[in-house]
Protein chains: 2
Amino acid sequence: MTIHYEVADVAQIDAIRLEQSVEMPFDTLPPHILETIVGKVVAQDGKSVTIHYPNANIGGEITQFLNILFGNISLLDGIRITGVDWDELPSDLFGGPRFGLAGMRERLGVPTRPLSCTALKPVGSTPAEFAAMAHEFALGGIDMIKDDHGLADQPYAPFLDRLMACADAVNAANAKTGGKSVYVPHITGPGEVTERRFEAAVAAGAGAVMVCPHLTAPDVMHRLARRSDALPIMAHPAFSGGLVSPTHGFTRSFLYGALWRALGADFVIYPNTGGRFTYPLADCLAINDTARGPMNNFSGAWPTPGGGMQRATLHKWIETYGKDTCYLIGGSLYQHPDGLRVAAAEIRDLMESAS
Amino acid sequence: MTIHYEVADVAQIDAIRLEQSVEMPFDTLPPHILETIVGKVVAQDGKSVTIHYPNANIGGEITQFLNILFGNISLLDGIRITGVDWDELPSDLFGGPRFGLAGMRERLGVPTRPLSCTALKPVGSTPAEFAAMAHEFALGGIDMIKDDHGLADQPYAPFLDRLMACADAVNAANAKTGGKSVYVPHITGPGEVTERRFEAAVAAGAGAVMVCPHLTAPDVMHRLARRSDALPIMAHPAFSGGLVSPTHGFTRSFLYGALWRALGADFVIYPNTGGRFTYPLADCLAINDTARGPMNNFSGAWPTPGGGMQRATLHKWIETYGKDTCYLIGGSLYQHPDGLRVAAAEIRDLMESAS
């Protein structure tokens, strides 16, 4: 296991080597432990450092991988993790996206154009209201029609009722238009609950699922991606922000572009620059490049910028981010004076004209 | 659900109200949703603000509770969560510690003195080596003999082998001394794995378990605490550091003192000031006060400062933090020139003399 770091102070390097392996002072370590177990610096250039740990320290589990990655050092400050050498890891630890860039293009019958995504909102609406919205979005030609990540199992629209109503509505619209819009239920819950909701999504004919890996657990997303009945997975960043501070933690491209992709996300939703959140453009471009670029033998994932994207400027984002991108536009569609179907059709036209 | 925040800028208050409920612009919201679903400011004093959300928005799940608490706003900056009004929540959502301060005193037969804790290290050792250390620590009278949090299911010492060897060793030492030392296996893994390890710990006669809630999932710890065969739980902060930045996220007293306690931690391990980590003393004192103080109908939890505590200064920490504290001292015991049993006995003497 080889991890790349940027440290604020080179004195932190020995602390990382110890904290992330034996968690004991050097003077207490038997020589064979110091030699074979403790992290070893394999490259260093100023404050950029690469440390190698034996794969055996992982013990075959994603939880312990995350522990070596950022367990105790999460409690320190000024350490950024920029990358992992995925190809050195045990081949059964991570599998990458099950569908990814090419697999989704094939499922949707969309060889070159970008994809569109929107969200069913707001919490407090009934299943029938969400289904009506989903129907309109599908008639207008949105590709991925996802639940808002705030929709869980509230009494206003219990999960199963919402799932069945929205899956039926999108499938009915597809039957009318010949389209392939996908309903994407939000299935996050405690681990077992997430898996049961996944199975319900398969049974209801949903074409994908959305999960918040940092609300349930990263290993849950991995398990979903490796199921024999896998569906494409959209990963949502709720509760992840503390991991990607600009001064400590994971770089945004590492978390959203690399780690999530390794864990099986086919779509990585992240907060676009210039919206309601404040990620710089460079971070967004780096997430895109990492999600799509070469990485072990993993399929590429769809960068899915969202969080305040506007109808009026969507064409500029398409120019900036390109076609292998899924554009998530939510609230702005609800503000369209002519309603959801017209708003969706305009988005679809933009996607077609970019192909 | 009532949440207390400190914001860097009062303009963030409306953003919080929306992001953590409907995630839509005000102008798109039907009046009944704006009235009944969106967060409402119920108190404000400058940059301190209290927002109330309907409990129905939680939908009965800890994952969605965490989503409302810090889902999308984790992606912003300058927002600190200082508290939650636990007594307003559905009574089956959180249960608090199953044993807590009084329950552990009863189990250990220790009416007034502080508790001691140490860790079995380093990863790379064999089950027999860990068992020998555990035996020595128990003969010396350490109360809680826990696995290092870096021990998972590595081939050097697979979980079940380590569990059985160490539980037997501690129980054998207790039989010799008449003591009640507790072996605390580290059971963190993916959710289901954690539960199976818990069951193995019960079967092996371990007296408690340690879990890293942010490596597995917070809801897993809650589920363990509510089992009919519950054991005392020590919660370890691995991977949690990103949540408690001084400028954004949870205050340390809220995460370790309140949220973990609500989730069922009997012991809350946190990085002590003046050790290998850099939490200020005020934060440590606030964690202690929150873990032990009045909070809904929950039992108090044991503050468990660790992370570089030294034999030579332990008596000062006892003066500072008092008797309702579990002192975690690891590496320093391994540095004792006369070995683990003597080191442990010195710690035990300190604990007895403080009672």
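A: The model is predicted. Of the interface residues of chain B, 100% are also interface residues in chain A, so the copies meet through the same surface.

Q: What rotation and shift superpose chain B on chain A?

A: A rotation of 180°, with 0.0 Å of shift along its axis, places chain B on chain A with an RMSD of 0.0 Å. That is the relation of a two-fold axis.

Q: And in chain B, which C-alpha is nearest the axis?

A: The C-alpha of B:Gly242, which is 2.2 Å from the axis.

Q: Turning to aromatics, how many pairs are there over all chains?

A: The search of the whole structure gives 24 aromatic pairs. One involves B:Phe70 and B:Phe250: the ring centres are 5.1 Å apart and the planes stand at 50°, so the pair is tilted.

Q: Where do B:Phe70 and B:Phe250 lie?

A: B:Phe70 is in helix H3 (residues 62-70) of chain B and B:Phe250 in strand S10 (residues 249-250) of chain B, so their pairing ties together parts 180 residues apart in sequence.

Q: Are B:Phe70 and B:Phe250 buried or exposed?

A: Both B:Phe70 and B:Phe250 are buried.

Q: Which residues do ring pairs link into a cluster?

A: The cluster consists of A:Phe65, A:Phe70, A:Trp86, A:Phe94, A:Phe250, A:Phe254 and B:Phe239.

Q: What lies over the face of A:Phe99?

A: A:Arg107 does, at 4.7 Å from the ring centre. In chain B, B:Arg197 lies over the face of B:Phe159, at 5.2 Å from the ring centre.

How values were computed. Residues are numbered from 1 along each chain as its sequence is written. Chains are lettered from A and ligands numbered from 1 in the order in which they are written. This is a predicted model: local features need pLDDT of at least 70, side-chain atom pairs count only at pLDDT 80 or more; totals for chains, interfaces and linings use all residues. Side-chain values use heavy atoms; hydrogens and water are left out. Rings of Phe, Tyr and Trp (its six-membered ring) pair if their centres lie within 6.5 Å; planes under 30 degrees apart count as stacked, over 60 as edge-to-face and the rest as tilted. Helices (H or I, at least four residues) and strands (E, at least two) are DSSP runs, numbered from the N terminus. Buried means under 20% relative accessible area, exposed over 50%, partly exposed in between (1.4 Å probe, protein chains only). A charge sits over a ring if NZ of Lys or CZ of Arg is within 6 Å of the ring centre and within 35 degrees of the ring normal. Copies are superposed by least squares on the C-alpha atoms of residues with pLDDT of at least 70 in both. Contact means heavy atoms within 4.5 Å.
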